[in-house]
Structures are given as structure tokens and as C-alpha cells.
Amino acid sequence: MALGPPRIGAIVLILVAVSAATALGLWGTRWRVPQAPAAGAGYTLQDAWDGSMIPEGGLQRPIGIAVAPAGDVYVSDERLRVVHFNAAGEFVGEWGREGDGRGEFRNPVGLAVCRDGAVYVSDYEQDRIQKFTADGEFLLDFGRAGSAPGEFSAPAGLAVDEANFIYVADFYNHRVQKFRPDGSFDVVIGDPGRLGVGALHYPTGVHMTGQGEILVADAYNHQLQWFEAGGRPLLRAGYHLLWLWPRPTTSTTGFNAPTDAATDPRGIIHVADSGNHRVVMLSPAGEYLAHWQIPNASSDVFSPEHITVSPDGATVYATDLAGDRILVLTVKPPA
């Protein structure tokens with residue numbers, strides 16, 4: 001049956017009201033959408049570390065990665081351990097075993113390194129964070145399963161700021177949580193959702209920019225989001241249908257499940273665009289500069305997973321989950 005004029009008018013009013021509410025919800029938020037490639041920008045594959053020299057076995061589905069201030073690299077993998085390399089890719093040491101005690105893991109995922117060299121590790125199945133010395137000596141742990149403040153449901157990516165506050169991408173709780181250096185809860189950042197500023201949908205990575213902003217890999221909203229240190233939303237980058245609904249894309253206007261991001265000293269952003277099997281370079285404002293795609297990537301596995309940058313910004317390290325290796329890319333900044 002055809003809709004009569006009164007019913008059409010009601011529908012129009014509803015659409016106008018929704019549009020107005022949405023516009024108000026977006027008010028005050030800066031937007032950037034990646035644009036065109038930048039001259040000179042790009043990546044060159046320098047090396048691929050498979051960990052074949054590790055006594056206990058080479059890398060197996062590596063996922064978490066972090067760089068220490070001195071340039072050493074830490075990696076978590078499916079062998080339930082943290083592996084320590086120097087900047088040249090030489091094996092330094094490892095720690096971890098299966099279990100729920102101190103220094104034991106069920107599924108270590110996220111890594112972050114403090115200015116003093118201490119290493120934080122998130123455990124996706126244990127719902128806790130552990131802190132170690134640079135050599136793997138246990139220091140403290142915090143967190144438990146749940147959805148209340150201070151509790152986790154599959155903690156993923158980690159970040160530490162200059163004041164040693166810890167930020168955790170709380171995957172199934174659709175939020176980021178901030179903790180004090182002693183592991184006590186501080187604040188929740190973001191809200192569960194698909195639409196609107198600050199809405200997070202399975203976030204997998206979190207990073208502190210040089211400007212003190214919180215950069216979140218909002219993976220299954222297919223976007224990056226920036227927040228102030230206090231949690232106020234600032235910026236989103238990625239393709240949005242009708243500028244509203246986040247959607248995956250293979251083009252330079254967005255991402256397909258961006259699982260992590262990191263910035264270098266210039267403020268350039270490097271993104272693990274895992275569903276597109278590529279590393280994407282963005283300007284500090286979130287505009288597209290260049291990308292590098294994994295050759296012959298496995299279509300069944302989203303990879304690269306996590307990403308980090310050397311202290312001088314010259315090298316990007318990304319975990320190739322499907323390839324059992326660390327991709328080492330030389331950064332060519334825009335001219």
C-alpha cells in the first residue's frame with residue numbers, strides 16, 4: 001500500500017530530527033579523511049625477522065611488539081612468551097611459560113615499554129596486565145575479568161605515557177582504560193558503539209602521540225580515533241558512509257580493521273591496516289601519505305597486527321601474524 005502524505009511527512013520529520021541530533025553529536029570534533037599520496041613518501045622492506053636463532057624455536061604467530069628507548073625490540077608470540085631482540089634483530093633473551101602465575105601467560109598480546117625500560121604485557125585470556133624489568137623479572141600485575149572499571153574482557157594493545165600511566169585497549173568491553181603507575185584504575189576513555197564521536201567497537205591498539213593525545217585503533221569501526229588525555233574525543237580518520245557510519249575500504253580514504261598505530265618523532269602516523277594487509281603512512285592530521293602492502297598475503301589472516309617505530313623514526317616494525325615474522329620497513333618521509 002502506498003504511503004499517504006501525512007505518513008511521508010512524519011518520516012521526513014523523523015529524518016530531519018535524526019540528522020539534527022547527529023550533527024549536534026559531531027559538533028566540536030575535528031575531522032580528517034586521507035587524501036592523495038605525498039611526493040617521496042613510502043616504505044622499503046629492509047628485513048624480515050623469523051627468530052630462527054632463538055633456542056626455544058622461531059617466532060610463531062607474533063602479535064605484540066614494542067620498542068624500548070634504547071632501540072631494543074620486544075615481541076609476544078603464540079609460544080606464550082616475550083622475545084627480546086636488539087635493534088639489529090639479534091636474539092637477546094626471552095621469558096614466559098604457560099600458566100596463571102607470575103611471569104606466566106595464556107595469550108600474551110599487547111606490549112609497551114616505559115622510559116626506564118620496564119615492559120608491560122597484556123594477557124588476552126587472563127584479563128590482566130603484568131609488568132616486568134627489561135630482562136623479564138616480574139614486578140607487578142593488575143586487572144581481572146569483568147566489565148566494571150579496572151576490569152577487562154580480553155585486554156589487547158597497550159601504551160605508557162611519560163608519567164608512566166598505562167592505557168589498555170579493552171577489546172570486548174569496547175573501551176580504553178587508563179591506570180596509574182601502581183596499577184590502580186584512573187579513568188575510562190570512549191564508549192561502546194558504532195556511530196558518533198568517541199564510540200569504540202572492538203578497539204585493539206592504543207598509542208600516546210608526541211602531543212600527549214591518545215590514538216586508538218578502533219579496529220572494527222575501521223577508523224582511528226584521537227582523544228585528549230582526559231578522554232575528550234578530538235578527531236577521526238577513516239571512511240564513513242554518508243560521513244556517519246564507519247565502513248571498511250581498500251582505498252586511500254580509509255582502512256579495513258586497523259589493529260594498531262604508532263607515531264614517530266616527526267608526528268607521522270604508521271598504521272597496521274590488517275584487513276588490507278598493509279602498513280599505511282598518515283600525516284599528523286590523519287591524511288593519507290603512502291602505504292606498503294605485504295606481497296602474497298594470506299587472505300584468511302588479518303596481518304600485520306601490531307606496529308611500532310624506532311626511536312629515531314627511521315624504521316617501522318610490524319608483526320606479520322600469518323608469516324611468523326617481524327617486518328622491518330625503512331621509512332621514507334614525504335619530501
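## Exercises on a predicted model

**Exercise 1.** Leaving aside neighbours within four places in sequence, which residues is Y124 in contact with, and how exposed is Y124?

*Solution.* Let us start with the contacts in this predicted model. Beyond its neighbours within four places in sequence, Y124 touches N107, V109, A154, P155, F171 and Y172. A C-alpha to C-alpha check brings in A156, which is 32 residues from Y124 in sequence but 6.1 Å from it in space. Finally, the relative accessibility of Y124 is 26%, so it counts as partly exposed; buried would require under 20%.

**Exercise 2.** Work out the order of the strands in the open sheet of 4 strands, and find its edges.

*Solution.* The order is β25-β26-β27-β28, with antiparallel pairing. β25 (258–263) and β28 (288–293) each pair on one side only, which makes them the edge strands. Neighbouring strands are turned by 20° against each other on average, direction ignored. Now zoom in on one pair: β26 (residues 269–273) and β27 (residues 278–282) are joined by 5 bridges. Within this pair, I269 faces L282 of β27.

**Exercise 3.** Which elements give two or more residues to the largest nonpolar core?

*Solution.* The core has 18 residues, and those with the most contacts inside it include V279, W292 and L329. The contributing elements are β27, β28, β29 (307–309), β30 (315–320) and β31 (325–332). Another core, of 14 residues, lies apart from it, with I269 and L282 among its members.

Notes
Residues numbered from 1 in each chain as written. Predicted model: local features only at pLDDT ≥ 70, side-chain atom pairs only at ≥ 80, totals over all residues. Heavy atoms only, no water. Pairing = 2+ DSSP bridges. Axes fitted to C-alpha atoms, helices over the stretch in contact; angles between N-to-C directions. Core = buried A, V, L, I, M, F, W, Y, C linked by side-chain atoms within 4.5 Å. Buried < 20%, exposed > 50% of the residue type's maximum accessible area, 1.4 Å probe, protein only. Contact = heavy atoms within 4.5 Å.
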